[in-house]
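I opened a new page in my notebook for this one. Here is what I looked up, entry by entry.

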Amino acid sequence: MALSRLRHHPVISRAPSLLRARLLSSTFRSFSRNSKLQNSIVEDGGTLLRPRLFSPFNGVRNQSELKLLSGIRCYSSAEPPAHIVIGMPALSPTMMHGNIAKWRKKEGDKIEVGDIICEIETDKATLEFESLEEGFLAKILVPDGAKDVPVGQPIAITVEDLNDIQNIPESVLGGSEVKETKSTQSDVKTEDTVQKSSPEKIDASKLPPHLFIEMPALSPTMDQGNIARWRKQEGDKIEVGDIICEIETDKATLEFECLEEGYLAKILAPEGSKDVAVGQPIAITVEGPADIEAVKSNVSGNLATKEAKPAQHATHDKEVKAQKSSFSRISPSAKLLIAQHKLDASSIAASGARGTLLKSDVLDAIKAGTGAVKSSSSELKTPPSKSQPQTHTSLSVSPEVQQLDSYVDIPNSQIRKIIAKRLIESKQNIPHLYLSTDFILDPLLSFRKELKDKFGVKVSVNDIVIKTVAMALRNVPKANAFWDDNKGEIILCDSVDISIAVSTEKGLMTPIVKNADHKSISSISMEIKELAEKARAGKLTPNEFQGGTFSISNLGMFPVDQFCAIINPPQSGILAVGRGNTVVEPVFDEDGIEKPAVVTKMNVTLSADHRIFDGEIAGDFLGALKSNFSDIRRLLI
């Protein structure tokens, strides 16, 4: 629209251009119909008022595009040039705030239709913010890493022409930027202080030549680790290749080798430290032994302890504040407990609606010992009911209080925390398709007995199952694949790598038998024993548990007939194997006569990614698997 058409209107606002959001890592899409934006009001001074949104999400539908309102386009024939104020969009029905994960475009960059402006982290996933109009990015109002930016808050300004960037007045740029980013920068600064101990806390000018050793990223998914054990102590000599410490990652416990020689002057993260962020300093090394004392005298204690103190003080202040609170109402069960234990009700914090003191509040106070005992003059007097005996208000401990001490908190290892996170992500993001069938196990058992009697080869049922599944995946290559979230397509795998679920004290590990379809059953058996032993000892290397195209979980050694396993992303599926059961069922003999027979049957349940497995592929895979079980000698071909 030419500016000459607007000469009769000093300032005109209209609905903004549309932008499109696209999921980065989620496996599904939630979309919304276009929301309606009421025309924004611009005051005489040129200050933009935030637009009012109506029904931002009217429904959810699949296979469509999420179109979002980016802000307000402003025209003026006098002062500011034509520009668009881009606001934080509502990318999900429950989104109230968003985080700016990364700006893909910088100030002054040209924006074409379809370009990704920035990445926004919502309450559901990280999404790309895609432009449907061209222009130039004039100003970024909210920087990278900004947290909890409210929906509708301006985050950037774009213009139509590159020369217009210099003509935008500070009244449009500066005020918004300072106002909107002040709290954001404070949040980012606080987060960095808590999560990462930087060398800035140590006066490096007082230290001799030194080197900070930081928590390494020992796996692609690792963002924090635990110090399991220090192999070197303060003052020890370190040679190239020496093991400094053992670090518990999200997958296993790995050894941390040193690539430079020196002396370990100071340990900043002591043995047993939990959730140490990647990049956080864990130790200081120096070149000569004479410099060790200089480091120790200038660096006292450890950084982890210093960071924990403010949090503890804050928690204590909250508890003290809560204890001083009063209540306006009290529930009958809470009143009875207070009378039984002679507590001072005014010292117990109320968590119920409208200041109601609940039974749970009293139980928490009894357990924590925060409820002060009442004096005899201030006791609550609860007259006994005529229909109930006086003994009902005795001072015996109630069953609820006894149950509070009947459990033990067991701290989770880093591996179990990651397993829990991955399981939730798998169930939420992968459409699981379950298919179950029974196989007759007698040919497999006969083949296993023959290997032992004639050739002296001892293999387990699980070893033969691995080979059987590997051959079925080779026969049905479409099942040996994974789903690429970024491309939105199926990727076929060249090799058949089987992940085997192994239970350890720290959690479930999945070592990999690579190229299982090309290996003999005896070699698979030896490799599984070696991998399982290393998994239980926490000695698996990353290349031994990362990757894999398909998983097997076998509970046949337990009294489990059937179960459904959860897919290990990004694999296409996992086969859950139950125990073998002896049953009587009709079979046909060589003459075609039906007669009862005793057979051993085993149930298997396939959990498949429905984006990869449709009915035909699943049927072909289970059919190939059944053929291998019925004629086990096919594995030798």
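Before counting anything, I noted that a residue is buried under 20% relative accessible area, exposed over 50%, and partly exposed in between (1.4 Å probe, protein chains only). By that rule, buried residues make up 41% of the 637 residues in the protein.

**Ground rules.** I'm working from a predicted model, where local features need pLDDT of at least 70, side-chain atom pairs count only at pLDDT 80 or more, and totals for chains, interfaces and linings use all residues. Residues are numbered from 1 along each chain as its sequence is written, and side-chain values use heavy atoms, with hydrogens and water left out.

**Whole protein.** I looked up the helices and strands and got 12 helices and 34 strands. Both are DSSP runs numbered from the N terminus: H or I with at least four residues for helices, E with at least two for strands. The protein exposes about 34,700 Å², and carbon and sulfur atoms supply 51% of that. Those areas come from the Shrake-Rupley method with a 1.4 Å probe, and for residues only the protein chains shown count as cover. Next I checked contacts, meaning heavy atoms within 4.5 Å. Among those between residues at least 6 apart in sequence, 66% join residues at least 24 apart.

**α9 and α12.** I looked at helix α9 (residues 461–475) and helix α12 (residues 615–630): their axes come within 9 Å and cross at roughly 135 degrees. That makes α9 oblique to α12. The axes are lines fitted to C-alpha atoms, for helices over the stretch in contact, and angles run from 0 to 180 degrees between N-to-C directions. Which residues make the contact? On α9 they are V465, T468, V469, M471, A472 and L473, and on α12 they are F621, A624, L625, N628 and F629. I sorted them into nine nonpolar, two polar and no charged. For that sorting, Ala, Val, Leu, Ile, Met, Phe, Trp, Tyr, Cys and Pro are nonpolar, Asp, Glu, Lys and Arg are charged, and the others, Gly among them, are polar.

**α4 and α5.** Helix α4 (residues 332–341) packs on helix α5 (residues 359–368) at about 30 degrees, with the axes 7 Å apart. I therefore wrote them down as roughly parallel to each other. S333, A334, L337, I338 and H341 of α4 meet K359, V362, L363 and I366 of α5. This contact divides into six nonpolar, two polar and one charged.

Is R536 buried or exposed? R536 is exposed, at a relative accessible area of 55%. I found R536 in helix α10 (residues 521–536). Not counting residues up to four places away in sequence, R536 touches V502, S503 and T504. R536 and V502 are 34 residues apart in sequence, yet 8.0 Å apart in space, C-alpha to C-alpha.

T356 sits in strand β24 (residues 356–357) and counts as buried at 15% relative accessibility. Leaving aside neighbours within four places in sequence, T356 is in contact with R329, I330, S331, A350, S351 and D361.

M215 is in the loop between β15 (210–214) and β16 (224–230). I put M215 down as buried, with a relative accessible area of 2%. Beyond four places in sequence, M215 touches residues including M222, I247, V276 and I282.

How values were computed: Angles under 35 degrees count as roughly parallel, over 145 as roughly antiparallel, 65 to 115 as roughly perpendicular and the rest as oblique.
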